[in-house]
Amino acid sequence: MAEKTVGKPIKRTEDPRLIQGLAHYVDDIRLPDTLHAVFLRSIYAHARIKSIDTTAAQKLPGVVAVYTGKDVAKIGPVPCAAALPDLKVPDHRALASTKVYFVGHPVAVVVAESKSAARDAVDLIEVDYQELPVALDEEKAADAKSPVIHEQFGTNVAYKLTAGEGDIEAALKSADQVIKQRILHKRLAPIAMETRGVLARYYPGEQELTLWTSTQIPHLCRTQVAIMLGMPENKLRLITPEVGGGFGSKLNVYAEEALMGWISMQLNRPVKWIEGRRENMQATIHGRGQTGYIEIGFKKDGTLTGLRYNVFADMGSYFQLLTPAIPTLTGLMLSGCYKIPAIQINVTGVFTNKMSTDAYRGAGRPEATYVVERALDLVAAELKKDPVEVRRKNFPQPNEFPFKTATGLFYDSGNYQGALDKALKMADYTKLRQDQQTARKEGRLMGIGVSTYVEICALGPSAAMPAGGWESATVRVEPTGKVTVLTGASPHGQGEETSFAQIAADELGVGVNDVTVIHGDTAIVQYGIGTFGSRGLAVGGTAVYLAIQKLKDKAGKIAAHLLQVDASTISFAEGKFTSSAAAGKQITIQEVTLAAHVAKSLPEDMEPGLAATSFFEPKNFTFPFGTHIAVVEINKETGEIDFQRYVAVDDCGKQINPMLVEGQIHGGIVQSMGQALYEEVVYDDQGQLITGTLMDYALPKAIMIPHLELGSTETPSPVNPLGAKGVGEAGTIGATPAIVSAIVDALAPYGVRHLDMPLKPEVLWQIINKKSAGAA
Amino acid sequence: MIPASFDYIAAKSLDEAISLLATHKDDAKILAGGHSLLPAMKLRLMQPKVLIDLGRIKELSYIKEEAGQLRIGAMTTHFQVETSDLLRRVCPLLPETATQLGDMQVRNKGTIGGSVAHSDPAADWPAAILALDAEIVATSARGDRVIKATSFFVEMLTTALEPGEILREIRIPGGKGKSGQAYVKVRHPASGFAVVGVAVNLAADGGKCQSAGVGITGVSPKAYRAANVESGLKGNALDAKTLSAAAAHAADGVDINSDLYASAEYRKQLATVYTRRALEIAASRLK
Amino acid sequence: MKIEGTQKIDAPRALMFAALIDPAVLQKCIPGCEQMEKTGENQYSAKLTAGVGPVKGVFNATVSLEDIIAPEHYKLVVEGKGQPGFVKGSGELNLTDAGSATDIQYTGEVNVGGLIASVGQRMIQATANMLAGRFFKSLESEMKAQAKLPADS
């Protein structure tokens with residue numbers, strides 16, 4: 001009898017192959033006669049293409065074909081699944097035809113016998129561009145005087161949207177005070193370790209296309225690529241091998257995916273494209289990108305009355321799958337973990353001459369949490385109250401759940417005080433504040449930042465999703481008793497092969513190693529939605545759980561038949577069926593499985609085999625929460641930041657594997673530190689992407705990260721039978737405001753109340769230096 | 001990230017490398033680890049037709065004492081410098097610099113000669129080489145030529161090496177009396193290069209500074225010796241006040257780099273602060 | 001990206017200005033300029049091999065002289081395109097008398113695009129300053145050479 005594993009920190013079963021370099025990513029799949037594709041991408045942010053001459057490129061030995069925009073006009077537009085009222089949707093094609101809209105915009109693709117030949121040929125393509133004025137800043141681009149990117153719209157404003165409940169005007173009027181703050185969320189590059197990559201192979205006889213691609217959503221991608229290519233969906237097999245990270249950037253359907261399929265169909269040969277890192281910077285979606293204005297109203301005692309957020313959201317020049325929808329998630333989460341009677345968001349989605357923005361770990365919610373947490377800090381500073389006190393004052397009580405927000409959500413469950421208290425205790429907050437007093441007396445710049453956050457996860461009920469929010473699982477017990485789980489939630493680093501196996505193993509009384517989790521092949525796995533929005537476990541894992549319940553129900557009937565008892569007397573535990581009507585008799589799941597397969601003796605009318613499928617439709621989102629505390633000291637001479645403590649208490653509901661939970665929290669906090677301190681996609685005033693490589697775009701490294709002190713509370717979600725809420729994005733949501741808050745707090749003696757990220761040492765030094773000079 | 005096509009020749013000896021370079025001239029580049037050259041080639045910023053690899057020439061990889069000097073072969077890896085017992089004992093500045101250079105992969109494959117010959121304006125080695133008053137031995141069909149470190153770094157990515165010359169060896173003069181050394185740097189969060197890197201080599205006698213070598217990298221288009229810092233130290237007692245006053249001259253008379261991470265104004269401040277820190281550490285090691 | 005500065009060159013202003021709008025002089029002074037052909041009034045096409053150290057690119061360029069107010073002001077515009085991307089530079093040059101010498105005060109704007117923009121961020125400013133420095137250094141030696149000529153002849 002196998003030991004129970006749910007709730008235990010068992011090691012990831014994926015890791016041995018990953019660590020040993022034995023895993024297979026797209027580029028590891030080698031097919032004979034494969035051609036290689038390399039793109040020519042625009043070096044201008046906005047230009048008219050006067051002519052393209054591919055003659056010399058075509059003549060280069062080894063080159064098989066060169067395609068430009070007009071050659072691929074039959075490929076349908078790159079899809080955008082977001083539906084918003086009066087949304088202006090540009091016609092987004094696989095290759096540029098008359099104009100280029102951003103640096104990195106694909107203009108032509110060379111297909112050759114070798115990568116080198118294809119790359120050489122790219123340099124031989126001559127494009128005559130006529131440069132056009134650029135629109136880059138989302139706020140300025142919305143102005144009527146800005147150069148217009150898509151002429152047919154006559155404006156760069158893609159849409160305007162107002163959301164929220166309560167009378168915001170009255171709420172702000174009723175406040176004792178209203179604070180306003182402009183706030184920036186800079187563009188970030190997701191930088192999955194594995195760049196994108198596609199291998200396409202067309203079988204002309206069968207008229208079938210197989211596409212290997214690095215995606216978070218194999219089935220949705222298959223559907224969309226089939227539509228783009230005008231082919232029957234069931235003639236397209238999409239395989240997602242190992243995926244080396246996505247962070248939302250592969251929750252998408254990209255032009256290159258359809259284009260490789262199309263090229264393979266033209267040439268009847270396999271064709272492969274592997275994105276380079278510079279391409280990845282330029283032409284894989286970016287995250288964030290908002291310029292916003294906060295107005296927060298509050299009473300003298302710290303009670304919040306209303307919050308308004310007017311935001312210009314940078315779309316980039318085209319929509320990718322969810323581009324315009326991301327800011328709507330910001331609007332949904334503007335209540336944070338507080339009672340705010342009236343909330344309003346006014347979004348202006350703006351086209352700019354840059355790569356599209358889209359979902360990046362957190363996708364709109366980090367922006368919301370950052371806005372609310374910065375606002376709470378501003379309120380606390382204004383009232384000269386401890387930021388913890390202001391937060392606590394506005395928390396809903398644990399007995400007020402499900403808690404309805406003025407953004408129209410019902411938070412499933414929560415105990416915000418519990419997580420806060422635990423974090424304060426771990427950090428010894430009272431002592432920290434005393435230490436801070438001492439530090440300030442000594443002239444040292446010590447700062448403490450507290451963020452209490454809630455996020456929206458387990459996306460989500462289908463009614464609230466563009467293309468289905470359910471997830472699927474099939475669980476089969478094979479004749480030898482081995483368990484196969486087919487999940488539609490194809491993972492890209494989450495460890496679902498382990499956590500789903502834990503659920504199956506415990507439910508069926510087998511070992512984790514007896515379970516194989518299969519994902520990411522549309523020819524094998526039933527239709528699924530994918531892994532994003534912290535949904536893998538809470539939605540996909542629940543589907544596994546529910547499929548097993550169905551399967552156990554059938555197995556129970558077979559067991560009853562074999563034990564010659566009534567099915568109602570059967571119970572199942574630790575891999576064995578027993579009957580209350582036949583003491584001492586038992587039959588194992590393996591025996592039942594074999595009986596189900598050999599089918600010599602089954603209940604009347606029962607079908608042979610032992611498999612079940614579930615499509616789980618969640619009734620609500622889940623709302624994980626927590627408290628993060630950062631303690632920093634800033635060097636007065638250099639502005640350099642020294643992390644002294646980092647404490648995080650996260651509540652993601654029931655934990656299936658605490659080690660995976662910790663891993664997710666670690667990764668999330670680290671990415672948050674990246675955003676808070678280092679990362680920023682910078683386009684210069686000509687629209688050139690000057691953080692073009694990892695020599696200039698700073699990702700956090702292990703040596704830059706302090707020791708993370710983690711704790712957790714467990715408030716189960718009532719939304720699913722696992723009680724799990726999701727944890728994939730918590731770190732990127734809860735940590736950023738805590739870090740910024742700590743740094744702002746450290747600089748409070750200089751009158752600083754807000755600073756925009758990334759908080760580079762020079763920014764801090766300039767403040768310290770200027771103020772010191774001013775005082776002197 | 002696909003380089004233009006090129007021929008690769010692994011030279012078996014230094015003589016062969018010299019003669020290959022004489023044959024291929026400007027078409028050739030010397031491969032000495034490749035951690036700057038290969039990325040530049042993959043970006044097609046550099047498109048040499050021939051790569052002459054020194055990687056198999058064992059005679060170019062050594063650290064030894066000879067003729068009162070420390071001699072380091074050009075193909076000695078950063079890791080070999082970092083872990084050399086001899087250097088840790090007699091010239092700890094070099095291992096201390098190596099430890100802070102790049103990452104593990106770079107240190108395992110990259111070489112001191114390759115880095116110095118490439119002369120990246122933010123590379124770590126030039127600071128140490130300058131502070132130590134080193135000599136660089138260039139060799140060609142015409143024989144050896146010894147170049148003082150102070151005249152080796154000409155401008156950004158440009159050294160005093162002439163066509164046909166290969167950097168063969170780095171020579172560090174033997175110390176006289178007690179020395180205190182230190183290398184400190186501000187690491188660029190993305191590249192790991194020195195935003196500011198300061199190498200200090202002090203010698204003192206009877207509490208007074210006898211000689212001071214201060215090499216600074218990352219601040220200017222080429223690494224330089226901070227002459228005004230050095231003159232502020234020589235002959236003086238190395239107390240906190242002297243060190244601090246001398247460090248204030250760290251960026252005297254140079255064009256200061258400005259980039260996305262640090263403006264010239266801020267870089268100058270970093271240079272001052274890190275020079276002071278390096279001096280303090282070096283001075284404390286004199287004891 | 002901005003470059004600016006003042007350069008004193010030991011030559012009278014009229015002579016200095018004449019040199020600065022002379023394509024033969026410009027070809028000698030624009031760093032890496034290998035050939036220059038007239039394509040119109042004050043307009044030239046040029047081939048530049050520009051870069052630093054071993055990192056060099058070949059650019060097909062246009063050079064034009066604009067807003068000429070002799071002998072005190074003009075604008076030099078150089079635009080080049082090549083495999084590593086594009087370079088656009090424009091500089092306003094203002095000449096004033098400095099005794100028998102001339103002060104050339106320049107303010108310019110340099111923009112780069114393509115590969116050099118995406119990988120060269122940390123070295124671009126220094127490179128621009130260096131190329132401007134080379135331009136004036138060559139100009140200085142050119143003026144010295146010119147000053148010698150009449151004496152020798």
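Me: Two strands pair if DSSP finds at least two bridges between them. In the predicted model above, how many residues lie between β4(C) and β5(C) in their hairpin?
Reply: Residues count from 1 along each chain as its sequence is written, and chains are lettered from A in the order written. The model is predicted, with local features needing pLDDT of at least 70 and side-chain atom pairs 80 or more, while totals for chains, interfaces and linings use all residues, and side-chain values use heavy atoms without hydrogens or water. β4(C) and β5 (73-82) of chain C run antiparallel, joined by nine bridges. The number of residues between these strands in the hairpin is three.

Me: Which residue takes a positive phi in the hairpin of β3(C) and β4(C)?
Reply: β3 (43-52) and β4 (55-69) of chain C pair in the antiparallel sense over ten bridges. One of the paired positions is C:Y44, whose bridge partner in β4(C) is C:V63. Two residues lie between the strands of this hairpin, and the positive phi, near 50°, belongs to C:G53.

Me: What is the volume of the largest cavity?
Reply: A cavity is a set of points on a 1 Å grid over the protein atoms alone where a 1.4 Å probe fits but cannot get out. Points are joined across faces, edges and corners, and a volume is the space filled by probe spheres set on them. The whole structure has five cavities of 30 Å³ or more. The volume of the largest is about 160 Å³.

Me: Which element gives the largest share of the lining of the largest cavity?
Reply: Lining residues have an atom within 4 Å of a point; this cavity has 20, with B:A122, B:A194, B:D259, B:R267 and C:R122 nearest its centre. Two elements give two or more residues, β12 (194-205) of chain B and α4 (121-152) of chain C. The largest share, four residues, comes from α4(C).

Me: Between which domains of chain B does the largest cavity lie?
Reply: An automatic or database assignment sets the domain bounds, giving chain B domain 1 (7-53), domain 2 (58-173) and domain 3 (178-284). Two of them both give residues to the lining, so the cavity lies between domain 2 and domain 3.

Me: Which residue of chain B is among the closest to the centre of the second largest cavity?
Reply: The second largest cavity has a volume of about 130 Å³. Of its 14 lining residues, the closest to the centre are A:Y678, A:D696, A:A698, A:K760 and B:L260.

Terms used
1 Å grid on protein atoms, 1.4 Å probe; cavity = no way out; pocket = protein on both sides within 12 Å on 5 of 7 lines; lining within 4 Å.
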